[in-house]
Amino acid sequence: MYKLTDSEWIVLEALWGGNENLGQITDAVKSQSGWSRNTVHTYLTRMENKGLVNIDRTVEPHIYTAAVSRDDCARQERSALLNKVYGGAAGDLLVAFLKETHITPEERDRLKKLLDEMEV
């Protein structure tokens with residue numbers, strides 16, 4: 001289990017987006033973070049030590065890839081939010097989101113269908 005920082009999310013989003021060398025990754029995160037190439041390199045090596053990034057040092061330039069999937073990270077974040085804020089009550093979380101957010105008729109229909117399929 002890992003708790004991603006906002007900075008780690010930024011780096012992983014760049015990797016999930018297909019950027020794989022230091023220059024590409026730096027370019028991908030620069031507008032959002034303002035980080036220099038050295039800062040990005042530091043994040044990548046720290047994230048490798050945490051098991052979040054793989055670095056292929058057998059080629060030049062080095063190739064960086066995410067060692068974790070976006071789906072797994074998102075699932076973990078949702079679970080943490082659900083447990084921390086709503087004590088694990090998924091219904092309460094959904095009600096809060098639906099009260100505070102506008103959904104389209106199409107989204108409403110998808111939600112109804114999903115609930116029907118779950119036999120809730």
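The helices α1 and α2 of this predicted model are oblique to each other, since oblique is the word for whatever remains once angles under 35 degrees count as roughly parallel, over 145 as roughly antiparallel and 65 to 115 as roughly perpendicular. Their packing angle is about 135°, and their axes are 9 Å apart, where axes are lines fitted to C-alpha atoms, for helices over the stretch in contact, and angles run from 0 to 180 degrees between N-to-C directions. The crossing of α1 and α2 is right-handed, a term for the near helix being turned clockwise from the far one by less than a right angle. On the α1 side the contact (heavy atoms within 4.5 Å) is made by Ile10, Ala14 and Leu15, and on the α2 side by Ile25, Ala28, Val29 and Gln32. By class, this contact has 6 nonpolar residues, 1 polar residue and no charged ones; Ala, Val, Leu, Ile, Met, Phe, Trp, Tyr, Cys and Pro count as nonpolar, Asp, Glu, Lys and Arg as charged, and the others, Gly among them, as polar.

Helices here are DSSP runs of H or I with at least four residues, strands are runs of E with at least two, and both are numbered from the N terminus. Helix α1 is mostly covered, in that 8 of its 11 residues are buried, that is, under 20% relative accessible area with a 1.4 Å probe and protein chains only. The buried residues of α1 pack against α2 (22-33), α3 (37-49) and α4 (70-86), and also against β1 (53-56) and β2 (63-66).

Among the buried residues of α1 is Glu8, whose relative accessible area is 6%. The side chain of Glu8 is joined to that of Lys50 by a polar contact of 2.5 Å, a polar contact being a pair of N or O atoms within 3.5 Å of which, within protein, one must be able to donate a hydrogen and the other to accept it, while residues adjacent in sequence count only if both atoms are side-chain atoms. Beyond its neighbours within four places in sequence, Glu8 is also in contact with Lys3, Met47 and Leu52.

Just after α1, Gly18 takes a positive phi of about 100°. In the loop between α1 and α2 is Asn21, and a polar atom of the Asn21 side chain lies 3.0 Å from the backbone nitrogen of Gly23, while the backbone nitrogen of Gln24 lies 2.9 Å from a polar atom of that side chain. Leaving out residues up to four places away in sequence, Asn21 touches Pro61, His62 and Tyr64.

Residues are numbered from 1 along each chain as its sequence is written, and side-chain values use heavy atoms, with hydrogens and water left out. Local features need pLDDT of at least 70 and side-chain atom pairs count only at pLDDT 80 or more, whereas totals for chains, interfaces and linings use all residues.

Technical notes: Buried < 20%, exposed > 50% of the residue type's maximum accessible area, 1.4 Å probe, protein only.
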